[in-house]
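Please examine the sequence and the model shown here, and follow the account of its helices and of selected residues.

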Amino acid sequence: MFELVKAGGWLMFPILACSVIAMGIIIERFWSLRATKVAPRKLLAQVWVWIQNSELDKEKLKALKQQSMLGSVFAAGLNNSSKGREVMKESLEEQASHVAHEMERYLNTLGTVASITPLLGLLGTVIGMIKVFNDIMLQGTGNANVLAGGISEALLTTAAGLTVAIPAMIFYRYFTRKIDEHLVFMEQESIKLVEVLQGNRKVDMTEGD
């Protein structure tokens, strides 16, 4: 591994750094975007049970807020439920925007890694080819080993850049889609919460199965 990095030249080091950053973000986002942490499927039914049993006190609201991102949205709405339907909806939407920002954390960095690593690889290719042509000017085309070294450096950096960029882009798209799905579900559940508190809807206790 070290020999490949060394053979690829100094540009292999920023590419390697990008790979470490991408791997760290991917692992962190997999952990942070779990459904149980973001939007538990039966949370609305649980909240409704608390409301029916008159168990929804300050401690329950605090625990709800800390339990999950959807719980924090529900808590914001419940705290303002006595102020009317519109105020409750506004508080839900405001908290949902904060949650969306939290879910998108580090994704810009992951997208940047996916964009710049092929360019770093291309730069390595250009530098390698410049070395090849310089060697041709100085020594002619008779020394195959010298020419092969420059071409090898060019190909290694290109391959390394693409090796990092392709999975980074795949996971960037995957996480973006996953966040969209979470946001749609949270919006639907928030609308249900408003409706049940206004007496316009009953909660199906089997929802989320």
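In this predicted model, a polar atom of the Ser91 side chain lies 2.6 Å from the backbone oxygen of Met88. Ser91 belongs to helix H7. Its relative accessibility is 11%, so Ser91 counts as buried, the cut-off for that class being under 20%. Leaving aside residues up to four places away in sequence, Ser91 touches Ala76, Gly77 and Asn80.

Two of these partners, Ala76 and Gly77, are among the H6 residues that meet H7. Two packed helices are described by the angle between their axes and the distance between the axes. For helix H6 (residues 69–79) and helix H7 (residues 85–103), the axes come within 8 Å and cross at roughly 155°. H6 is therefore roughly antiparallel to H7, as angles over 145 degrees are placed in that class. The crossing of H6 past H7 is right-handed. On the H6 side, the contact involves Met69, Ser72, Val73, Phe74, Ala76 and Gly77. These residues meet Met88, Ser91, Leu92, Gln95, Ala96, Val99, Glu102 and Met103 of H7. By residue class, the contact of H6 with H7 comprises 9 nonpolar, 4 polar and 1 charged. An α-helix has 3.6 residues a turn, so residues three or four places apart point the same way.

The axes of helix H4 (residues 43–52) and helix H5 (residues 58–67) come within 12 Å and cross at roughly 175°. This angle makes H4 roughly antiparallel to H5. From H4, Leu43, Val47 and Trp50 take part in the contact, and from H5, Lys60, Leu64 and Gln67. The residues of the contact of H4 with H5 divide into 4 nonpolar, 1 polar and 1 charged.

Just after H4, Ser54 adopts a positive phi of about 55°.

Computed along the sequence, Ile151 and Met129 are 22 residues apart, while their C-alpha atoms are 6.4 Å apart in space.

Terms used:
Residues are numbered from 1 along each chain as its sequence is written. This is a predicted model: local features need pLDDT of at least 70, side-chain atom pairs count only at pLDDT 80 or more; totals for chains, interfaces and linings use all residues. Side-chain values use heavy atoms; hydrogens and water are left out. Axes are lines fitted to C-alpha atoms, for helices over the stretch in contact, and angles run from 0 to 180 degrees between N-to-C directions. Helices (H or I, at least four residues) and strands (E, at least two) are DSSP runs, numbered from the N terminus. Angles under 35 degrees count as roughly parallel, over 145 as roughly antiparallel, 65 to 115 as roughly perpendicular and the rest as oblique. A crossing is left-handed if the near helix is turned anticlockwise from the far one by less than a right angle, and right-handed if clockwise. Contact means heavy atoms within 4.5 Å. Ala, Val, Leu, Ile, Met, Phe, Trp, Tyr, Cys and Pro count as nonpolar, Asp, Glu, Lys and Arg as charged, and the others, Gly among them, as polar. Buried means under 20% relative accessible area, exposed over 50%, partly exposed in between (1.4 Å probe, protein chains only). A polar contact is a pair of N or O atoms within 3.5 Å; within protein, one must be able to donate a hydrogen and the other to accept it, and residues adjacent in sequence count only if both atoms are side-chain atoms.
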